[in-house]
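Please consult the sequence and the structure shown here alongside the text.

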Amino acid sequence: MTSLNINGKQHDIDLPEDTPLLWTLRDHIGLTGTKFGCGMALCGACTVHLDGEPIRSCITPISAAAGKKVTTIEAMAEDKVGHAVQEAWIALGVPQCGYCQAGQIMSATALLKTTAKPTDKEIDDAMSGNICRCGTYTRIRAAIKQVADKGAAK
Amino acid sequence: MSAAFDFDKDSANTNAGDGKTPAIASMSRRTWLKGVGAFTGLALTVGVNGLVSAADAAAPAKKYGGAGMPGGTVNDPLIFVAIGADGIVSIIAHRSEMGQGIRTSLPLVVADELDADWGRVRVVQANADESRYGNQNTDGSRSMRHFFTPMRQVGATARAMLVSAAATRWNVPAAEITTKNHEVLHAKSGRKLGYGELAVDAAKLQVPPAAQVQLKDPAQFRYIGKDVFNSVDFHDIVTGNTHYGIDTRLDGMLYAVIARPPVYGGKVASFDSADALKIPGVLRVIELKGSPPPAKFNPLGGIAVIARNTWAAIKGREALKITWDNGPHAGYDSTAFKTTLQEAARKPAKVVRNNGDTMAALAGAGKRIEAEYYIPHLAHATMEPPAATARTANGKCEVWACVQDPQATRDTVADRLGWKTDAVKVNVTLLGGGFGRKSKPDFAAEAALLSQAMDGAPVKVTWTREDDLRHDYFHTVSLEHLESTLDAKGKPLAWLHRTAAPTIASTFVAGAKGEQPGELGMGAINIPFVIPNIRIEAPEVEAHTRIGWFRSVYNIPHAFAVQSFVAELAAAAKRDHREFLLELIGPARQINPQEMSDTTNYGESPVLYPLDTGRMRAVVELATKEAGWGRKVAKGHGLGLAVAYSFMSYVAAVIEVVVADDGSVSIPRVDMAIDCGPQVTPDRIRSQVEGACIMGLSLALTGEITFKNGSAEQGNFHEYEVLRAFSAPRDLRVHMVPHKYDMPLGGVGEPGTPPIAPALCNAIFAATGKRIRNLPIRDQLSKKS
C-alpha cells in the first residue's frame with residue numbers, strides 16, 4: 001500500500017510500487033486531466049508538480065511520490081500563479097486541441113513560481129520538454145510573458 | 001429539457017458515459033474511397049488533347065460541395081436546436097473538434113442568425129448519425145465551407161419560428177416583430193418575450209422551407225467575423241476537465257493494449273502468454289484477428305492484453321512471446337524504395353496533364369534545369385494517441401472515441417461485429433489532435449471486438465506512442481522529378497513534372513498504384529503557370545504500408561517540389577524570386593480546374609471555385625510586403641518565399657532563416673498571408689495557420705519515418721523528432737485578406753502547411769547558396785569536422 005497526497009487529499013493506493021504516478025492518477029484515482037503522451041518523459045503531457053517541482057509522472061513510480069505533495073492540473077485554479085497562467089491561456093487563445101495544455105500549464109506555472117520574469121532563453125529551456133503538435137508555441141511564449149508582465153507570478 | 005422545441009436527446013451525447021463529465025459534448029475522402037472501388041474498373045483515358053477523363057457517361061448529375069458528401073447537409077432547426085423553458089439554447093455540433101475550433105464556430109453561426117445570447121447557449125456534441133445531421137466526416141478543411149450556409153439557415157429558421165409564435169400569441173403581423181439578444185420584441189406595443197417563453201409554441205409550427213427564410217444582412221452579424229468569444233472548451237482545457245477519447249471511464253471498465261503485426265499484412269504465427277498472465281493486474285490475453293490487406297479501416301489484428309489498468313496491460317504486453325508471419329511486405333526498406341521511386345520518376349509514365357509539346361521543348365534550345373525532391377513517410381503523432389472505449393453487450397455496442405469520421409466509425413464497428421449499423425452508437429469525444437489519423441477508426445473497432453470477447457465488459461484500448469508511430473496510416477513517401485528549359489530571357493519554355501508516390505487508394509483497394517486524380521489535383525496538375533508546354537506524369541508505384549491522409553495530404557510533396565523548383569528556375573534566370581513567381585502565375589484570371597485536367601477540385605464546383613490567380617498573386621504580394629521582401633539581411637540570414645493553393649484557399653509564406661556557422665537553423669520570423677474567403681472566427685483561423693506553419697517546419701526540419709525489414713524504425717519522440725518550443729519561430733505573423741460575405745468560403749485547417757517547407761528551403765538557399773532537395777533537413781547543413 002502506497003500513501004499519496006494528491007491535491008491535498010490522502011489516497012491509499014494498492015498497486016505495485018513501480019506503477020507510474022500517471023496511470024495511478026488516471027486509471028485509479030480518476031484524475032484524467034494529466035495526459036499520457038509518450039511514456040518516456042519525452043513530451044511533457046503528463047507533467048505534475050511534486051513538492052512544487054515539475055516532473056513527468058509517466059516515469060515517476062508511486063514509490064517516489066510517497067510522502068510528497070503531488071499537485072495536478074485539477075488543482076491549478078486554486079493556485080495563484082496557476083490561475084494567472086490559466087487566465088492568460090484563455091485570454092490569448094493558446095489552446096487548439098488542448099491535449100498537451102495541462103502539461104504546458106504545469107511547466108509554465110513551475111517556471112513562473114521560481115522565475116517571475118523569465119527571459120526568452122529561460123522560457124525555451126523550461127518549455128522545450130513539452131511538445132505541442134498543434135503548434136501553439138508562439139502563443140504559449142506570449143502568454144507566459146503576459147503573466148510575467150502583469151506581475152502575477154509574484 | 002422541458003420545452004418542446006427540442007432535438008431527440010437520444011441522438012446526441014447528453015452524457016459522455018462516466019456520469020461525471022458532461023458530454024463533449026474533396027471530395028469527401030470517404031466518398032472518394034467508395035469511388036475508388038469504381039476507379040479500378042473505370043477506364044481513365046488520355047484523350048487527344050491530353051486530358052484525362054473518366055468514362056462515366058452513365059453517372060448521374062454530379063453534386064458538389066456539401067451536397068456531394070454522404071449524408072449531404074441538413075438545415076432543419078429541430079435537428080440542431082433545442083430551447084428550454086429556462087431559455088437555454090442547446091445547439092448541436094455535428095463535426096469533430098480537434099483544435100480547429102469548429103465545435104464553437106458552427107454553433108456560433110447558428111446563434112448569430114438566431115439572435116441568441118451566447119451566454120445562454122450550450123453546445124452539445126452529436127453522436128454518429130449522418131442520416132440525421134448530414135455529413136460528419138471532419139476532414140478536407142471543409143466544415144465551415146460546407147456548413148456555414150446550412151447553419152445560418154438553421155439559426156434563421158428557428159428565429160423565424162419564434163417570431164411566428166409571438167405573432168400568433170400577440171395577434172400582430174410577424175413583420176412588426178423583431179428579435180434581439182434572446183428576446184422577441186414588438187416595438188409598437190412595447191411587448192417582449194424571452195425565447196424560453198415561446199419555445200413550446202414555436203416547436204409546434206411547421207418548419208418553413210429554408211428558401212422562405214430571410215438570412216441576416218452580414219452587416220448585422222454580431223458574432224460571425226468577430227472575435228467576441230473564445231472556444232467553448234477553453235475553460236475545461238485549462239482546468240483539466242475535458243473528455244478526450246483516452247479519458248473515458250466506465251464502471252467495470254478494463255484496459256487493453258495490443259501487440260500488432262510489425263509489418264503491414266503480417267499476422268500472428270504463434271504466441272505464448274504464460275509470462276504475461278503472471279503480471280499483476282493482467283486478466284486475459286486474447287488474439288485479435290486482423291484482416292488481410294488492403295487494411296481499410298479494419299484493425300490490424302495481433303495479441304491483446306486485458307488488464308485492470310493501462311500500466312499492467314503495457315507490462316503484460318512486454319512479457320508476451322510472439323512469433324510473427326511477416327508476409328509479403330517484410331522486405332520494405334526506405335533506402336531501397338527511394339531508388340525505386342527515382343527509377344520510376346526518371347522514365348516516361350502515365351500522362352495526367354499535357355499542354356503543348358513538352359518533350360520537344362525540353363529537347364530544343366535553351367538552358368536546361370532538372371531537379372528531384374524527396375519527402376519520406378511521416379507519422380501524424382497526435383499528442384493524444386488513438387484511444388477508444390466500447391461496451392459490446394446484449395446485442396448493442398456503444399463506443400466512445402476521438403474520431404474525425406463518426407459515421408465511418410459506426411459502419412466499421414458494425415461491419416467488424418457483423419451487426420447492423422443501428423445496433424452501434426458512437427459518442428464523439430474531443431480529439432487530442434487529428435491531422436487525418438483519426439479519420440481512420442481502426443482503434444474503435446479494436447475496442448468493440450475486445451469488449452465482445454470480454455463478454456460485454458467495457459474495454460478501453462490505448463495506443464502507446466510506439467503503437468502510434470509504428471502502426472500509423474502513414475503520410476505517403478514521394479519523389480518528384482522536374483525538368484524545365486529557359487529561353488534566352490530566362491522564361492520557362494517547358495515544365496515536366498513526374499510525381500511518384502504511393503496512393504492512399506492502396507489502403508482500400510488491392511493493387512492500387514500511383515497517385516489518383518484527387519491526389520494529383522492537390523497541387524501537381526492544377527498549377528496555373530503561364531508556360532506553353534506543361535506535362536505532368538504519375539508513375540505507378542506500389543505501397544508497402546498503410547498510407548493515409550495527413551494534414552494537407554499530397555499538397556505537401558507537390559508544393560515542396562513545385563515551389564522549390566520555381567525558386568531554382570528564378571535563380572538560374574538570375575531573377576528576383578518574387579517577380580519571377582508572379583510572372584509565372586501571370587495576370588489575374590479565373591481558371592476552370594478542368595482546363596488543367598483537374599476533374600476533382602476537392603469535390604467543389606469548378607464554376608463556384610475556379611483557381612483565381614488574382615487571389616494567388618494577392619497573397620504573394622501581401623506576405624512579401626509585410627515581410628519586407630528585398631530588404632537587406634545580415635550574413636547568414638535569408639528570406640524564402642512560397643505560395644500554395646489548396647482546399648480552396650491561397651496561402652503564401654515568407655520565412656526568414658538564420659543558418660549559423662555550425663549549420664544550425666533558426667527562424668526569427670515568418671509572415672504568412674491567407675485568403676480563405678470570408679472569415680467566421682478570425683482568431684481561430686490565425687491559430688490554425690500558425691499551427692500549420694509549425695507542422696510544416698516540423699516535417700521540413702526533422703520529420704521522417706523510415707522502414708527496415710518491413711517495419712517502421714521510429715518508436716517514440718527521441719526517434720521521430722517534432723518541433724519543440726526552442727525551434728519555433730520567434731515572430732510568427734498571420735495576415736488575412738479581408739472579404740465581405742460575397743464569395744464562397746475556403747478551407748482553413750490544412751492550407752497553411754504546404755508552402756512552409758519550400759519557403760524554408762528557399763530561405764536556406766538565399767542564406768547559404770545550398771539547395772535542400774531531400775527532407776528532412778536535419779544535419780544536411782552542419783559543418784562536419
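In this predicted model, helix H3 (residues 102–114) of chain B crosses helix H5 (residues 143–170) of chain B at roughly 35 degrees, with axes that come within 7 Å. Residues are numbered from 1 along each chain as its sequence is written, and chains are lettered from A in the order in which they are written. Local features need pLDDT of at least 70, side-chain atom pairs count only at pLDDT 80 or more, and totals for chains, interfaces and linings use all residues.

**Helices H3 and H5 of chain B**
- From H3(B), the residues B:Ile102, B:Ser105, B:Leu106, B:Val109, B:Val110, B:Ala111, B:Asp112, B:Glu113 and B:Leu114 take part; their partners in H5(B) include B:Phe147, B:Phe148, B:Met151 and B:Arg152. Contact requires C-beta atoms, placed from the backbone, within 7 Å.
- This contact of H3(B) with H5(B) comprises 13 nonpolar, three polar and four charged residues (Ala, Val, Leu, Ile, Met, Phe, Trp, Tyr, Cys and Pro count as nonpolar, Asp, Glu, Lys and Arg as charged, and the others, Gly among them, as polar).
- H3(B) and H5(B) cross in a right-handed sense (the near helix is turned clockwise from the far one by less than a right angle).
- Axes are lines fitted to C-alpha atoms, for helices over the stretch in contact, and angles run from 0 to 180 degrees between N-to-C directions.

**Helices H4 and H6 of chain A**
- Helix H4 (residues 101–114) and helix H6 (residues 137–149) of chain A have axes that come within 11 Å and cross at roughly 35 degrees (helices are DSSP runs of H or I with at least four residues, strands runs of E with at least two, numbered from the N terminus).
- A:Gln104, A:Ala108 and A:Leu112 of H4(A) meet A:Ile140, A:Ile144, A:Val147 and A:Ala148 of H6(A).
- Six of these residues are nonpolar, one is polar and none is charged.
- Buried residues of H6(A) include A:Tyr137, A:Arg139 and A:Ile140 (20 or more other C-beta atoms, placed from the backbone, within 10 Å of the residue's own).
- The buried residues of H6(A) pack against H3, H4 and H5 of chain A, and also against H19 and strand S30 (731–736) of chain B.

**Contact between chains A and B**
- Chain B contributes 47 residues and chain A 46 residues.
- On the side of chain B that touches chain A, H19(B) supplies the largest share, seven residues.
- That side of chain B has 22 nonpolar, 17 polar and eight charged residues.

Terms used. Two residues are in contact if their C-beta atoms, placed from the backbone, lie within 7 Å. A residue is buried if 20 or more other C-beta atoms lie within 10 Å of its own, exposed if 12 or fewer, and partly exposed in between; C-beta atoms are placed from the backbone.
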